[in-house]
Amino acid sequence: MGVYTLPRSQLHLFLAVLSKRSPVYVPVKRDAIRFEPYNGTIDFSDNAYFPIKEHFFRKRETILRFDGQKLITVRPTSSKKIFFGVRRCDLTALKHQDSIFQKQYKDPWYKAQRANTILIGYHCATPPNKYCFCDGMGLEEYQDLMFYEQKTQFLVEVTSVKGAALIKKYRRFFKKANKRITDADKHIKTRKLRKRDFNAIYDHHAWTAGVNKCLSCTACTAMCPTCYCYELHDELDTLKHGTRCRIWSSCQVKAFTRIAGNHVFREQREHRFKHRIYHQIQYFREQHGFDLCTGCGRCIAACPTRIDWVSIANKIT
Amino acid sequence: MTKLKVGFYGITGCAGCQLSVIFQEDDLLDLLELVEIRAWPFIKDVNDDETFDYVFMEGLVATNEDKERLLKIRKNTKILIALGACAHTGCVPAYRHFTLQKNYAHLLYEKNKNISDVQPSPIDSFVQVDYVIPGCPPSKQEIRTFLKTVVLGNIPKSYDNPVCTECKLHNNGCLLEVKKPCLGPITRGGCNAICINGGLECWGCRGPTDDANLPVMVTILRKQGHGLKFIKDRLVTFAGTKMPAVRKLVYDKNNKA
Ligand code: SF4
Ligand code: SF4
Ligand code: SF4
Ligand code: SF4
């Protein structure tokens, strides 16, 4: 669909002009890197600490309100958003979330947030940190435009009709390039997760080192761009008013499997720790034919004790 | 429907937890209508402490009078709720378990010979506690939800995810990454990560989660460069009595954590 160039010096002007139409979320460094509406700065020094997931599968979604005896359904509202600088692990993760919230289930709240989004990718030239292991995790193209960073310019690949329309509208910034994006442009080298039937190594003693360092703090699942679990809560504002909310949940805590009679299916930390990893790289594949995990490495980078489960798994012979 | 007979009591404490009940602002009158307040010495002159369905007990046992009152109330109520950190963990007053090994009551209370001092301890050291509403102070919302739940005849749910869960829901970066000694990973949440939202690390006022990984928490703090004394102080300030392993971890000189 065509390749264009944008001089690096023009990037900020382009983003500023683009922001006039609707908010453009870019990675910004504060206490951590997160996607926020463009405000003059942008940070590619590392992968974003917070993935873009929270903008679609939101942390807290109000499903209904109650006011005395009255139930009021909350209709999801939707607004136009552009995301710039999304790396491929997160684009693929979004595709996986779409397959859950839009294909397998029709989730109106997700759909409302997801509608009207334009995704502009950023192709890593080198791994942003040492925890990445996306190589071999089956990353896919799922963006409207893809930016490849070069010394003095960006190569901009048009990958969808929406992307083409965007270029057309802001054509003055872009020059048509006489080039095709090749496999060499796309290639980046990260470490790899050794794929195999993980069921066969569930009981391997090598996992113990990881289990013992785990705090069951839920940072890994919260920061994971693919984790999609939630729970429903009724919250009282006053005695008569309140809301039913859906809130992110995590398989790392006992509450996740607690049922009537206070029975917990995964009482031991070991089983919770392994469940996350196994759901990401084994169970999900058994059900859906592809791995849920995209190899972004956030569950290691955000872990207070940096439990490198990929190294553990790779070492098991 | 007969109303639940409820009592609110305070033994040694700052009364802040009872204030959390009173400060339900717009809701207080509605709340009080749902139940029959048999006793609330803090705000009521006439109190009947004979039969209760639910008693909310604030404070810890620090005197013999506290103990007697607690034992008596326990006998007279079907359900006893530890309201707030003092009742739940002993909070700051129970710090004495970890510092003064001798009793200095004779110096502190030289002029008041009537003070009968006991080692300050949470109420579950003396009686069976049915529910805990943790926190210093407990959250107003939690108190409200608890009351409404029992009035409806349901079993209250306690929140036992760590503070980190709610911290992430509030969009915070992790304070451990900037070397602040945050106890969030081992502390029971439900507070909406209010301290971290305000930039302060978690001090553990709601007590440890039931599977707090204490050795790993200590390792994290040591890697941040904190000494054992600092770590001990932090861990025991609000909930030392609920972490029996602390003693071993922080007093054992050979500890390699
Ligand atoms: S499991 Fe870890 S590496 Fe895989 S997508 Fe989630 S955060 Fe990224
Ligand atoms: S890893 Fe855990 S929290 Fe994440 S999607 Fe799977 S079950 Fe849910
Ligand atoms: S982030 Fe690390 S310590 Fe926390 S639950 Fe996940 S694996 Fe365990
Ligand atoms: S700041 Fe504290 S509570 Fe928040 S995620 Fe980090 S350790 Fe947990």
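**Figure 1. Lys240(A) and Asp30(B) meet in a salt bridge between their side chains.** The N to O distance is 3.5 Å in this predicted model. Side chains of opposite charge can pair when their charged atoms come close. Between chain B and chain A the count is six salt bridges. Over all chains, the whole structure holds 34 salt bridges.

**Figure 2. Chain A and chain B share an interface that buries about 2700 Å² between them.** Carbon and sulfur atoms carry 51% of that area. Chain A puts 35 residues into the contact, and chain B puts in 31 residues. On the chain B side, the residues that lose the most area to chain A are Lys168(B), Leu169(B) and Asp211(B). Together these three make up 22% of what that side buries.

**Figure 3. The largest pocket holds about 1700 Å³ of space.** Its lining counts 42 residues. Closest to the centre are His233(A), Thr145(B), Lys157(B), Ser158(B) and Tyr159(B). From chain A, strands S4 (60-67), S11 (230-236) and S12 (241-248) each give two or more residues to the lining. From chain B, strand S7 (131-133), helix H6 (140-151) and helix H7 (163-169) do likewise. S11(A) gives the most, with seven residues. By class, the lining has 18 nonpolar, 13 polar and 11 charged residues. Domain 1 (4-151) and domain 2 (163-251) of chain B both give residues to this lining, so the largest pocket lies between them.

**Figure 4. Glu235(A) and Arg60(A) form a salt bridge.** Their closest N and O atoms are 3.1 Å apart. Glu235(A) belongs to strand S11 of chain A and Arg60(A) to strand S4 of chain A, so the pair ties together parts that are 175 residues apart in sequence. Strands S4 and S11 of chain A also give residues to the lining of the largest pocket.

**Figure 5. The second largest pocket has a volume of about 460 Å³.** The residues that line this pocket number 23. The lining divides into 11 nonpolar, six polar and six charged residues.

**Figure 6. Chain B is divided into domain 1 (4-151) and domain 2 (163-251).** The C-alpha centres of the two domains lie 25 Å apart. In the contact between them, domain 1 of chain B places 16 residues against 16 residues of domain 2 of chain B. The two domains bury about 1500 Å² between them. Of this area, 55% is on carbon and sulfur atoms. Thr89(B), Tyr95(B) and Phe98(B) supply 44% of the area that domain 1 of chain B buries against domain 2 of chain B.

**Figure 7. Asp124(B) and Lys242(B) form a salt bridge.** The closest N and O atoms of the pair are 2.8 Å apart. Across the interface of domain 1 and domain 2 of chain B, two salt bridges are found.

Key: Residues numbered from 1 in each chain as written. Chains lettered and ligands numbered in written order. Predicted model: local features only at pLDDT ≥ 70, side-chain atom pairs only at ≥ 80, totals over all residues. Heavy atoms only, no water. 1 Å grid on protein atoms, 1.4 Å probe; cavity = no way out; pocket = protein on both sides within 12 Å on 5 of 7 lines; lining within 4 Å. Points joined across faces, edges and corners; volume = space filled by probe spheres on them. Helix = DSSP H or I, 4+ residues; strand = E, 2+ residues; numbered from the N terminus. Nonpolar A, V, L, I, M, F, W, Y, C, P; charged D, E, K, R; others polar. Domains from an automatic or database assignment. Contact = heavy atoms within 4.5 Å. Buried area = accessible area lost by both parts, 1.4 Å probe. Salt bridge = Lys/Arg side-chain N within 4 Å of Asp/Glu carboxyl O.
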